[in-house]
Amino acid sequence: MMRALILGGTADANVLAEDIARAGIDAVYSYGGRTRAPAVQKLPTRVGGFGGVSGLADYLREERITHVIDATHPFAAEMSRNAIAACAETGTPLLALERAPWIKASGDVWIDVPDVASAVTALPDQRAHVFLAIGRQHLAPFGARPQHAYTLRFVDPPEDALPLPDADVIVSRGPFTLAGELETMRTRGIQWIVARNSGGTGARAKIDAARALGLPVIIIARPHLPARPRVESVAEVMAWLGHRTCLGA
């Protein structure tokens, strides 16, 4: 009997969960626990880590999971690596639902870097207004460039002091529109953007806004992961599960 585990936390994972719920598939949606008020799901949910590879493998056995869908953020590399290892250990089929990365287009002013440390180095020496679109977990390295004025955007208000002396926080949940991003860039005087190459449409508006305004964007490449089966659409995941999509996606 099928019982699926969705490793979620993304907009794509939420759409998949809705489709799986409508199809009547027995499934569990797992949140990593980084967001204090995650989106409500129609599936049973669990929040928090599994305890590494061994903990996840134990969970798969105990819950009789037959299929795992890794629909985590493209930069949630540790969870994805753990899923690959745990599924290999237990013989559980694994499929990644992974949005395609953004591709540089005409008019984009991109500085491609391999990691956060390189993004810090790529910032200019002179003071600038910088939009950091990288999540809360990766702010500390930018403390090495305290001369800049940073604009941050979080789903939840920060609970602790930020590691940046000059930072302004926007609390908002995407997806974001081009018009809204243009307004944000203009009213806050943004001169540089630092973003991870998350891909997809929900977070792309800031990239399009940067192109329209001629702003440089420091693009952090995705982390390298071991080879694994992957698809880019919910419909493909549903077909892998032996079902047709209920959402017309």
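Reader: Is R64 buried or exposed, and what is its relative accessible area?
Author: This is a predicted model, in which local features need pLDDT of at least 70, side-chain atom pairs count only at pLDDT 80 or more, and totals for chains, interfaces and linings use all residues. Residues are numbered from 1 along each chain as its sequence is written, and side-chain values use heavy atoms, with hydrogens and water left out. Buried means under 20% relative accessible area, exposed over 50%, and partly exposed in between, with a 1.4 Å probe and protein chains only. R64 is therefore exposed, with a value of 67%.

Reader: Where does R64 lie, between which two elements?
Author: Helices (H or I, at least four residues) and strands (E, at least two) are DSSP runs numbered from the N terminus. R64 belongs to the loop that lies between α2 (52–62) and β4 (67–70).

Reader: What is the phi of R64?
Author: Most residues other than glycine have a negative phi. R64 is a residue other than glycine, yet its phi is positive, near 55°.

Reader: Which residues of helix α6 are buried?
Author: Helix α6 covers residues 205–213. Its buried residues include the lysine K206, and the complete list is A205, K206, I207, A209 and A210.

Reader: Which elements do the buried residues of α6 pack against?
Author: Contact here means heavy atoms within 4.5 Å. The partners include the helix α5 (178–187).

Reader: Which residue just after α6 takes a positive phi?
Author: The phi there is about 70°. The residue that takes this positive value, just after α6, is G214.
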